[in-house]
Each structure stands twice: as C-alpha cells, then as structure tokens.
Amino acid sequence: MIANLILQTVLLSYASSSRSVIAFTTSLNDIGNTNRISNPIYSTSSLSMLFGGRGNKGGKENSNEHEVRNVEYDISTPPPQSSERQSRLKRETLNKAQYVGGNELIRMRQRILDYENELNASLEEGRNDVEVENMRSKITLMRSKDAEYVYGQALEMAKYAKNMGNYDEEVKHTEEAKSARLCIPHFNIEGLWVGKYGSHGYEMINVTYTGDMLIAYKVTGDKNVPKAETTFKADLSPTFHSGAQNALKPIELTESASKQWGTDQLIRFPGQGQVAA
C-alpha cells in the first residue's frame with residue numbers, strides 16, 4: 001500500500017555542534033519520528049544501546065561483556081581529520097556564510113514577494129524610475145542569499161548552457177549549484193537514521209538521494225515493509241526560484257512547537273510512503 005506523504009525538514013544548530021532532525025507525517029501510523037545516528041561509523045554502538053544489547057537469562061548484561069563493548073565502541077575521542085576533510089569543512093563554512101536560514105530565510109522570502117508585488121504594480125503603471133531599479137536590486141541581493149533559489153537557478157542555467165554547447169558556462173553553473181546544495185539542510189541528511197515504528201519498535205533506515213529525489217530504504221524490516229524496501233521518498237526539487245506558488249504551503253507552528261523545532265515553519269515536499277509491501 002502506498003500513502004501520500006509530506007516530508008518536513010528542519011536543521012537545528014547549537015553553539016558547539018549541529019544536529020539534523022527529520023520528521024515525516026502520514027495518515028497511517030506505520031511511520032513515525034526518526035533520529036539520525038550522528039556518526040554512522042559508530043552506529044553499532046548506538047544500535048546496541050537502542051536495542052538493549054545482549055544480556056543473560058535474567059535480563060542483566062554480563063559486566064565483563066559490557067566493559068569489552070565499551071572499549072570496542074569508545075567514541076569519546078573523535079578520529080583525526082584528514083587535510084582533505086579540513087579543506088572541505090572550511091569551504092563549506094565559507095559557503096554557508098553566504099546564505100541565510102531558519103526564520104531569517106522565511107522573513108526574507110516574504111519580503112521578496114512583497115517587493116515583487118510592488119515592482120509589478122509599478123511596471124503596470126508605466127513607471128521605470130530609480131525607485132523601480134532599487135527594488136530590482138534589493139530583490140536580486142536577497143535572492144543571492146537564498147541557497148535554494150541559487151541552486152534552482154544555477155541548475156537551469158547549467159542546462160541552458162549545455163543545450164547551447166557552452167561547456168565552460170555549464171561547468172561554472174554546475175559548480176555553483178553544487179556549492180549552494182551543500183547549504184540546503186534537506187539535501188544533507190543522507191545516512192543512517194533510527195526511529196520508532198509504532199508497535200514494531202525501533203527500526204533503521206538509510207536515507208540517500210537520486211538527483212533531487214530523497215529515498216529512504218529499510219535497513220531493518222518488519223512484516224509490513226521488509227528490509228531493503230523503500231519506506232518513503234520525497235521530491236525535493238527546488239520551486240521557489242520559479243515561483244512560490246509552485247511549492248506546498250509550509251506548516252505554521254505554534255509558539256511551543258517553534259521553540260522545539262527552532263523555526264516558525266516546517267517546509268513541505270510531495271512524496272510517497274510505503275506502509276505495506
């Protein structure tokens with residue numbers, strides 16, 4: 001059985017670390033909230049704790065075995081970072097400084113819409129003065145701070161350059177799209193996630209991408225959706241660059257929910273969720 005699915009993502013940032021949280025809703029209860037394993041390299045340790053590990057008959061874990069596993073999966077000291085990873089993290093930090101996010105992005109997009117409405121009204125009146133040019137400049141500047149807008153626009157320009165046979169321009173815009181995509185939270189949640197699947201308990205999924213399509217596969221399965229099957233997918237294709245009317249309306253959160261999620265809105269995407277194979 002396939003159920004329509006709306007996917008919502010939000011990135012929660014902290015002073016000392018960052019954590020991605022993905023939530024998805026459907027009319028059926030097979031799918032629930034999931035939490036990402038922060039470092040898939042050490043996911044076995046996390047799963048051992050989530051599933052209770054191995055124990056003796058009385059339900060108490062053997063102390064020696066516990067000590068051995070603690071040493072085996074000790075992650076108190078992070079592994080050293082290679083020079084390539086350090087360079088990539090530095091590059092990503094510089095890229096992210098170019099864009100805004102969270103509530104600031106929500107407010108900026110609304111200002112863009114307001115300016116566009118005002119600009120269109122002025123053009124209909126036949127105006128083409130300095131004030132009109134100033135509005136155009138403000139819109140262009142704000143759009144350059146929206147990673148999703150830049151990503152969608154760069155993809156279209158790369159496609160156009162390819163059709164025109166302009167290889168250099170195609171490469172330029174493709175690289176621009178890649179850089180912008182790195183700064184879009186919902187394009188950077190690939191990896192292993194663990195979530196509560198109702199009465200089935202905790203299960204693991206693997207989130208990956210095919211182009212702009214997010215696909216989640218079952219790593220551990222149940223009688224409804226076996227392992228290796230698709231549990232849900234969502235089309236994350238950018239829409240704001242081509243007109244906000246093409247996007248699903250975000251979910252407005254209450255004040256208490258806003259504090260929990262760290263944003264006033266949850267963006268939505270069309271998709272499908274599988275509740276039975």
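Student: Before we start, what are the ground rules here?
Tutor: Residues are numbered from 1 along each chain as its sequence is written, and side-chain values use heavy atoms, leaving out hydrogens and water. Because the model is predicted, local features need pLDDT of at least 70 and side-chain atom pairs count only at pLDDT 80 or more, while totals for chains, interfaces and linings use all residues.

Student: OK, at what angle do helix 6 and helix 7 cross?
Tutor: The axes of helix 6 (residues 147-163) and helix 7 (residues 167-181) cross at roughly 160° and come within 8 Å, the axes being lines fitted to C-alpha atoms over the stretch in contact, with angles from 0 to 180 degrees between N-to-C directions. Helices here are DSSP runs of H or I with at least four residues, and strands are runs of E with at least two, numbered from the N terminus.

Student: So parallel or antiparallel?
Tutor: That angle makes helix 6 roughly antiparallel to helix 7, a label for angles over 145 degrees.

Student: Which residues of helix 7 make the contact?
Tutor: Glu169, Glu170, His173, Thr174, Glu176, Ala177, Ala180 and Arg181 make it from helix 7, where contact means heavy atoms within 4.5 Å.

Student: Switching topic, how many bridges join strand 5 to strand 6?
Tutor: Six bridges join strand 5 (residues 202-210) to strand 6 (residues 213-218), and the two run antiparallel; strands count as paired if DSSP finds at least two bridges between them. They form a hairpin with two residues between them, and Gly211 in the turn has a positive phi of about 65°.

Student: And what does Ala216 pair with in strand 7?
Tutor: Its bridge partner there is Phe232, while Val207 has Ala216 as its partner in strand 6. Strand 6 and strand 7 (residues 230-235) pair in the antiparallel sense over five bridges.

Methods. Angles under 35 degrees count as roughly parallel, over 145 as roughly antiparallel, 65 to 115 as roughly perpendicular and the rest as oblique.
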